[in-house]
Amino acid sequence: TVVTGVVGVAGLLPTIEAIKLGRTIALAHKETLIAGGPVILPLLKQYDAKMTPADSEHSAIFQCLQGVPPDALRRVILTASGGAFRDFSTEELLQLNQDDPELVRKKASTHPNWDMGAKITCDSATLMNKALEVIEAHYLYGTSYDNIDVVIHPQSIIHSMVETSDSSVLAQLGWPDMRLPILYTMSWPERVECSEVTWPRLDFVKMGDLTFREPDVTKYPSLTMGYAAGRAGGTMTGVFSAANEQAVAMFLDKKIGYF
């Protein structure tokens, strides 16, 4: 098993080489499928390699689909924390950017629920990470873009859901921690026994309320662009991802602002 956790499109070529060796790919980064999906899927078949998702959202979908017949998937529902600016209105965010752009930069790279590194945390703040996951879901599960939804779930307890053809909705829940999806992608189809010291069990009383809301596409225009790039197909998803990588790098390097 080869775990691919390289940030950005730099992980594409090493992943291709691992596929050619017939390895099982534990995919922990999005760009392999986003930039190379039309090439990667035929390569997996050609070299009889398997690919399991290690991203928390796609691991959740993968777990929910165990035992679901191939033709029974109706809809994929990706949950999003909403990132650093989830509690800001568009107007408040614009005002904050005008008053203190450096604070905006600092907040954009500090996630309220996850510790993921600056680039992915910025993608979460803009909801770009969810736009990329929409494209990834299309390639991983063969789901049409019309049947992939995104919902804001601030607590990050439900990591994603699937709806089956009979209208049942299956969800995977857990504390926001990447260890579990990484463990599952490496142990699949088995389950590893974990003690409560290693992995605290989910306490529903301590967890409290689970809330959901529709994403604000005015505040998060990247989500709309992600669907458009996915539907355009071809190299457009790769271009979309590359443009984002360069924009985030320039933002973190203080060469451009948030707006």
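Predicted model: local features only at pLDDT ≥ 70, side-chain atom pairs only at ≥ 80, totals over all residues.
How many bridges pair strand S2 (residues 25–27) with S3, and in which sense, parallel or antiparallel? The two strands pair in the parallel sense over 3 bridges. Helices (H or I, at least four residues) and strands (E, at least two) are DSSP runs numbered from the N terminus, and two strands pair if DSSP finds at least two bridges between them.

Residues are numbered from 1 along each chain as its sequence is written, and side-chain values use heavy atoms, leaving out hydrogens and water.

Let us step back to the sheet around S2. It is an open sheet of 3 strands in the order S1-S2-S3, with parallel pairing. Strand S1 (2–4) and strand S3 (51–53) are its edges, each pairing on one side only. From one strand to the next, the twist averages 25 degrees.

Now look at strand S4 (residues 73–80). S4 runs antiparallel to strand S6 (residues 158–164), joined by 5 bridges, and Leu 78 stands opposite Ser 160 in S6. S4 is also joined by 5 bridges to strand S5 (residues 148–152), and these two run parallel; here Thr 79 has Val 151 of S5 as its bridge partner.

Next comes the interior. In soluble globular proteins, nonpolar side chains tend to be buried together. A nonpolar core is a set of buried Ala, Val, Leu, Ile, Met, Phe, Trp, Tyr and Cys residues joined through side-chain atoms within 4.5 Å, where buried means under 20% relative accessible area (1.4 Å probe, protein chains only). The largest core here has 42 residues, of which Ile 19, Ile 40, Met 51 and Ile 148 touch the most other members. Its largest share, 8 residues, comes from H7. Beyond its neighbours within four places in sequence, Met 51 is in contact (heavy atoms within 4.5 Å) with residues including Ile 19, Leu 27, Ile 40 and Leu 140.

Finally, find helix H2 (residues 31–46) and helix H11 (residues 236–252), which pack at about 145 degrees with axes 8 Å apart. Axes are lines fitted to C-alpha atoms, for helices over the stretch in contact, and angles run from 0 to 180 degrees between N-to-C directions. Glu 31, Ile 34 and Ala 35 of H2 meet Thr 237, Gly 238, Ser 241 and Glu 245 of H11.

Technical notes: Buried < 20%, exposed > 50% of the residue type's maximum accessible area, 1.4 Å probe, protein only.
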